[in-house]
Amino acid sequence: MQKITQQEIILSSFVEAQNLEKILLDKVREYGKQSVDNQKKALLKQIEIMIKNHKEDIQMAQKAMHISSLVKKNMSQEPLDMLQDLLKNLVNIQAFYNETVVNITNPYVRQLFTQMRDDVMRFISILQMEIESLESKPSIPNNTVLNTPEMS
C-alpha cells in the first residue's frame with residue numbers, strides 16, 4: 001500500500017481545517033442576520049475576523065512550505081498505487097459514514113448516510129478486486145535477454 005507522506009497529511013489537515021472554518025463562517029454570518037444585541041454582533045464580528053486570520057495563516061503556511069507542489073510531485077501514476085490511494089480514501093470515507101450513522105437519530109439523514117456508506121463499500125470491494133488482480137499478475141521484465149544464434 002502506498003505510504004502517506006507527511007506533506008500529504010499536512011495538506012489534508014489544511015483542507016479539513018479550511019472546510020471546518022468555512023462551515024463556522026457560514027453559521028456566524030447566518031446568525032448575524034438575525035436580530036441580536038450589539039454585544040453579540042461584536043462577538044460574531046470577532047469570530048469572523050478570527051476565521052479570516054486562520055484562512056490567511058493556512059494559505060501562508062501552504063505557500064511557505066510549498067505543500068501543494070510537493071504533494072502533486074509525489075503522486076504516483078502507477079495503476080496499482082493509484083488504486084491503493086483511492087482505496088485508502090474510500091476506507092476513510094466509509095469509516096466516517098459508519099461513525100456518523102451511529103450518532104444520528106434522524107431517520108432520513110441516517111438512511112441517507114447509510115446508503116452513501118453502502119455505495120462507498122461497493123467501490124471498496126471493486127477496488128480490492130482490481131488491486132488483487134494487479135498484484136497477482138506476473139510482472140513483465142524490462143530487459144529481455146535475447147539469445148543470439150551461435151555461429152558455426
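**Close-up views of an aromatic cluster and a helix pair**

**View 1. F96, Y97 and F113 form one aromatic cluster in this predicted model.** The structure as a whole holds 3 aromatic pairs. In one of them, F96 and Y97 are joined in a tilted arrangement, with the rings 5.4 Å apart centre to centre and an angle of 55° between the planes. F96 is partly exposed, its relative accessible area being 48%. Y97, by contrast, is buried, with a relative accessible area of 12%.

**View 2. Y97 also forms an aromatic pair with F113.** This pair is tilted, with 5.4 Å from centre to centre and 40° between the planes. Y97 belongs to helix α4 (residues 79–103) and F113 to helix α5 (residues 107–136), so the pair ties together parts that are 16 residues apart in sequence. F113 is buried, at a relative accessible area of 18%.

**View 3. Helices α4 and α5 are roughly antiparallel to each other.** Two packed helices are described by the angle between their axes and by the distance between those axes. For α4 and α5, the axes come within 9 Å and cross at roughly 155°. Angles over 145 degrees count as roughly antiparallel, and α4 and α5 are therefore placed in that class. The crossing in which α4 passes α5 is left-handed.

**View 4. The contact of α4 with α5 comprises nonpolar, polar and charged residues.** By class, 19 residues of this contact are nonpolar, 6 are polar and 4 are charged.

Terms used
Residues numbered from 1 in each chain as written. Predicted model: local features only at pLDDT ≥ 70, side-chain atom pairs only at ≥ 80, totals over all residues. Heavy atoms only, no water. Phe/Tyr/Trp six-rings, centres within 6.5 Å; stacked < 30°, edge-to-face > 60°. Buried < 20%, exposed > 50% of the residue type's maximum accessible area, 1.4 Å probe, protein only. Helix = DSSP H or I, 4+ residues; strand = E, 2+ residues; numbered from the N terminus. Axes fitted to C-alpha atoms, helices over the stretch in contact; angles between N-to-C directions. Parallel < 35°, antiparallel > 145°, perpendicular 65-115°, else oblique. Left-handed = near helix turned anticlockwise from the far one by under 90°. Nonpolar A, V, L, I, M, F, W, Y, C, P; charged D, E, K, R; others polar.
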